[in-house]
2 protein chains.
Amino acid sequence: MLSMKAKYALKALGYLARKPDTRFGIERIAEAENIPYKFLEAILTELRKSNVIDSKRGAAGGVKLARAPKDISIGDVIRLMDGPIALLPCASITRYRACDDCPDEAACRLRQVMIDARLAIADVLDERTLADLASRSPLPSERRLTDDDLG
Amino acid sequence: MLSMKAKYALKALGYLARKPDTRFGIERIAEAENIPYKFLEAILTELRKSNVIDSKRGAAGGVKLARAPKDISIGDVIRLMDGPIALLPCASITRYRACDDCPDEAACRLRQVMIDARLAIADVLDERTLADLASRSPLPSERRLTDDDLG
DNA sequence: CATAATTCCTACTTATCCTATAGGAATAAA
DNA sequence: TTTATTCCTATAGGATAAGTAGGAATTATG
Ligand code: FES
Ligand code: FES
């Protein structure tokens with residue numbers, strides 16, 4: 001399960017993705033997406049430090065995406081908030097760590113299963129981006145490339 | 001990430017799956033798989049209560065699988081130990097729960113992505129079983145059906 | 001310049017979960 | 001009766017989750 005932090009981050013970024021060039025105040029986002037204000041503030045600070053959003057202080061300040069929605073993958077947001085997507089450290093590609101308890105990693109069958117699982121889920125999460133979260137209903141113009149390729 | 005509990009459970013069950021009809025002492029499993037003894041004991045108690053293993057007390061006691069290895073999926077073990085596999089409660093099939101903060105679930109784009117992710121990962125974890133964890137190296141006789149189908 | 005709006009920073013809290021560990025009771029085999 | 005083993009209850013320290021509070025710094029605007 002994702003943490004609330006990751007979920008709120010995705011919802012807030014999805015909100016921003018609907019008007020990528022407009023700056024929105026945190027309070028407005030919090031209200032629109034039902035996110036506790038102070039909590040969202042902390043989350044957005046983290047996203048700013050990771051260069052996902054760009055913020056501006058003072059009156060008429062606010063936040064907006066630092067890049068185009070389609071260039072921010074859902075997988076990356078989750079990794080920033082919750083850490084690796086893989087189910088075991090030894091199955092993570094972006095943040096691999098050996099398992100203390102497995103003497104022979106190459107022979108570990110559990111690892112193989114978990115690598116397969118991690119590939120399957122990362123396939124989905126790294127292909128989808130904030131652009132996919134932006135619209136309310138799936139419009140033809142918003143379909144992903146792979147769909148267009150078939151036509 | 002899986003908890004240590006889930007990981008240990010899978011390793012211990014994988015150990016038992018190598019000789020499904022033999023009873024093994026907990027201490028022996030703990031040593032073989034580098035799992036803290038008392039922790040493993042607690043884990044196995046839970047697995048017994050869920051009818052995954054069958055145990056026997058006293059001298060020459062021990063534990064063994066309650067069913068054939070191929071009838072215990074990895075996904076089920078993870079669900080027992082760590083809860084739902086889905087990344088959001090609203091995307092879980094086995095343990096669905098509505099999201100408090102989303103006013104309109106049907107219009108929620110995040111949910112759609114997470115349902116796709118959950119399908120992708122459950123596809124892997126529910127198809128693989130303890131039988132896949134049983135052997136040290138992938139022998140031809142142990143290949144999964146999908147592989148054989150190609151031949 | 002004064003004011004209002006807004007993000008930024010530091011610190012704190014409260015509850016829950018994770019990862020175990022300890023000690024002994026119950027059971028069964030030899 | 002002894003020994004080996006699981007079963008049960010209780011505990012515990014540390015980390016993480018999910019916020020909350022208060023004020024400092026910055027900026028637009030009149
Ligand atoms: S190497 Fe990670 S589970 Fe075996
Ligand atoms: S309904 Fe669950 S995230 Fe929107």
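## About the model

This is a predicted model, in which local features need pLDDT of at least 70 and side-chain atom pairs count only at pLDDT 80 or more, while totals for chains, interfaces and linings use all residues. Residues are numbered from 1 along each chain as its sequence is written, chains are lettered from A in the order in which they are written, and side-chain values use heavy atoms, leaving out hydrogens and water.

## Two domains in chain A

Chain A is assigned domain 1 (4-65) and domain 2 (73-134), with bounds from an automatic or database domain assignment. Over C-alpha atoms, their centres are 26 Å apart. In the contact (heavy atoms within 4.5 Å), domain 1 of chain A takes part with 14 residues and domain 2 of chain A with 9 residues.

Together these domains of chain A bury about 980 Å², and 83% of that is on carbon and sulfur atoms. Buried area is the accessible area (1.4 Å probe) that two parts lose on being put together, summed over both. How many salt bridges cross this interface of domain 1 and domain 2 of chain A? The rule finds 0, a salt bridge being a side-chain nitrogen of Lys or Arg within 4 Å of a carboxyl oxygen of Asp or Glu.

## An aromatic pair

The whole structure holds 4 aromatic pairs over all chains. Rings of Phe, Tyr and Trp (its six-membered ring) pair if their centres lie within 6.5 Å; planes under 30 degrees apart count as stacked, over 60 as edge-to-face and the rest as tilted. Tyr8(A) and Phe39(A) have ring centres 5.7 Å apart and planes at 85 degrees, so this pair is edge-to-face. Because Tyr8(A) lies in helix α1 of chain A and Phe39(A) in helix α3 of chain A, the pair ties together parts that are 31 residues apart in sequence. Helices here are DSSP runs (H or I, at least four residues), numbered from the N terminus.

## Where chain B meets chain A

Now for the two chains. Chain B gives 38 residues to the contact and chain A gives 38 residues. About 3400 Å² is buried between them, with 67% from carbon and sulfur atoms. Met1(B), Asp101(B) and Arg109(B) supply 22% of the area that chain B buries against chain A, more than any other three residues.

Between chain B and chain A the count is 6 salt bridges. Asp101(B) also forms a salt bridge with Lys7(A), where the closest N and O atoms are 2.9 Å apart.

Definitions and conventions: Helices (H or I, at least four residues) and strands (E, at least two) are DSSP runs, numbered from the N terminus.
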